[in-house]
Amino acid sequence: MIWLITLLIMEVILRIVLEIRERRATQMPGGFLAILRVIPLVNDFFPLPENRKEPEVGKFVAAHEEGHKKLHHAALRNLVKVIMLLLSLGVIALVIGRYGMPFWVAIIWLHLVAIPGRVIFHTYCWGQEFEADQYAFEHVERNIAKNALRNLVECEIPYTPIFALIYREHPTAALRRKKLLGK
C-alpha cells in the first residue's frame, strides 16, 4: 500500500511539473482543465482540447482521411485498444486475485499502469497520423499540403511535443508540418 501512495504522490508532482513547464513554454493559461489534469484518476476522464477553432476541410484533409481508410488505421487502432483492454483486465485480476486487494486498489493500480500504456498507445497513434499525412502529401499538390498544414497550425492550441504525447492521440501540427515539409 505504501508503494501505491508513493506512486500517486510522484504522479501528482510530475504532472504539476509538466503543467508548469507547459505553461512557461507556450505562455498559454492552463485554466480549470490544468487542475483536473493534476488530480489522479480524474485526469483520465477530461480530454485535452486540441483546437481553438475547427480547421478547414479541403483536399489534404480528405486525402489524409482516405489514407487512414486505405491503411486500415481504424481497425488496427481498435485492435490495439482491445489488447490494452485485455491487459487492463489482467492487471485488475492480478491485483484482486493474486494479491487479494480490494477493487478500488486495483483501479488505482490500473490507473498507474495505464500511464506508460497511454504513452505507448499515443506513440502508435502518432505513427498512424504521420502515415496518413504522408499518404495525403503524395496525393495532393505540395502547395495544398503546405496551406492545409499552415491552417492546422493556426487552428491548433500550441502544445509542446512531450505534453501532447502524454495527453493527445494526435501529434502537434508543428511536428506534422516539420515531418512532412522539413520546416
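Leaving aside its neighbours within four places in sequence, with which residues is Met84 in contact? In this predicted model, where residues are numbered from 1 along each chain as its sequence is written, local features need pLDDT of at least 70, side-chain atom pairs count only at pLDDT 80 or more, and totals for chains, interfaces and linings use all residues. Side-chain values rest on heavy atoms, with hydrogens and water left out.

Once those sequence neighbours are set aside, Met84 is in contact with Gly117 and Phe121, where contact means heavy atoms within 4.5 Å. Met84 belongs to helix α4 (residues 73-98); helices (H or I, at least four residues) are DSSP runs numbered from the N terminus. With a relative accessible area of 26%, Met84 is partly exposed, a class that lies between buried (under 20% relative accessible area) and exposed (over 50%), as computed with a 1.4 Å probe and protein chains only. Met84 and Ala114 are 30 residues apart in sequence, and their C-alpha atoms are 8.9 Å apart in space.

The structure also holds 2 aromatic pairs. Tyr159 and Phe163 form a stacked pair, 5.5 Å centre to centre with 25 degrees between the planes, and both of these residues are buried. The rings of Phe163 and Tyr167 have centres 4.8 Å apart and planes at 50 degrees, so this pair is tilted. These labels apply to rings of Phe, Tyr and Trp (its six-membered ring) whose centres lie within 6.5 Å, with planes under 30 degrees apart counted as stacked, over 60 as edge-to-face and the rest as tilted. Phe163 and Tyr167 both lie in helix α7 (residues 161-167), where they are 4 residues apart, about one turn of the helix. Phe163 is buried with a relative accessible area of 0%, and Tyr167 is buried with a value of 15%. Tyr159, Phe163 and Tyr167 form one aromatic cluster.

Charged groups were also examined in relation to rings. The charged end of Arg23 sits over the ring of Phe163, 5.6 Å from its centre, while Lys179 lies over the face of Phe130, at 5.2 Å from the ring centre; the criterion is that NZ of Lys or CZ of Arg is within 6 Å of the ring centre and within 35 degrees of the ring normal.

Elsewhere, Trp104 is found in helix α5 (residues 103-139), and Trp104 is partly exposed, with a relative accessible area of 47%.

How values were computed
Helices (H or I, at least four residues) and strands (E, at least two) are DSSP runs, numbered from the N terminus.
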